[in-house]
Amino acid sequence: MALEMRDRCERCETAALPLDAPARICSYECTFCVPCGNAMQDVCPNCGGELVPRPRRAAAPVA
């Protein structure tokens with residue numbers, strides 16, 4: 001099962017998060033931009049879990 005790669009920060013809702021952009025996620029896949037993750041001291045406000053760097057996906061190859 002793959003991660004749901006959300007494209008917006010759940011806190012500020014303005015930061016666009018493309019697949020290759022740095023982001024922070026918790027084990028429930030709550031997703032935040034790096035500045036918001038830093039402001040929350042890498043603690044998810046939804047579950048209290050640790051926010052860690054989200055793995056990046058390479059862009060799909062152009063055919």
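**Figure 1. Contacts and overall form of the predicted chain.** Of the 63 residues of the chain, 32% count as buried. The secondary structure comes to 1 helix and 3 strands, and these elements follow one another along the sequence in the pattern β-β-α-β. The radius of gyration is 12 Å, close to the 11 Å that the globule rule gives for 63 residues, so the chain is as compact as a globular protein of that length. Along its principal axes, the C-alpha trace spans about 40 × 25 × 15 Å.

**Figure 2. The open sheet of 3 strands.** The strands of this open sheet stand in the order β2-β1-β3, and their pairing is antiparallel. The edge strands are β2, which covers residues 31-32, and β3, which covers residues 52-53, and each of them pairs on one side only. Strand β1, made of residues 24-25, pairs with β2 in the antiparallel sense over 2 bridges.

**Figure 3. R54, a buried arginine without a salt bridge.** The residue R54 lies in the segment that comes after β3. Although R54 is buried, it has no salt bridge, and the nearest side chain of opposite charge, that of D20, is 7.0 Å away. A salt bridge requires a side-chain nitrogen of Lys or Arg within 4 Å of a carboxyl oxygen of Asp or Glu. What lies 3.0 Å from a polar atom of the side chain of R54? It is the backbone oxygen of R6. Leaving aside its neighbours within four places in sequence, R54 is in contact with several residues, including M5, R6, L17, P18 and L19. Also among these contacts of R54 are A21, A23, R24, I25 and T31.

**Figure 4. The salt-bridge network of E4, R6 and E10.** The structure holds 2 salt bridges, and E4, R6 and E10 are linked in a network of such bridges. In one of them, the side chains of R6 and E4 meet with a distance of 3.1 Å from N to O. R6 also forms a salt bridge with E10, where the closest N and O atoms are 2.7 Å apart.

Figure 5. Most residues other than glycine have a negative phi. Q41, however, is not a glycine and has a positive phi of about 55°, and its place is in the loop between α1, which covers residues 34-39, and β3. D42 lies in the loop between α1 and β3 as well, and its phi is near 55°, again a positive value in a residue other than glycine.

Notes: Residues numbered from 1 in each chain as written. Predicted model: local features only at pLDDT ≥ 70, side-chain atom pairs only at ≥ 80, totals over all residues. Heavy atoms only, no water. Pairing = 2+ DSSP bridges. Helix = DSSP H or I, 4+ residues; strand = E, 2+ residues; numbered from the N terminus. Buried < 20%, exposed > 50% of the residue type's maximum accessible area, 1.4 Å probe, protein only. Lys, Arg positive; Asp, Glu negative; His and termini not counted. Polar contact = N/O pair within 3.5 Å; in protein donor to acceptor, adjacent residues only side chain to side chain. Contact = heavy atoms within 4.5 Å. Rg over C-alpha atoms; globule rule 2.2 N^0.38 Å.
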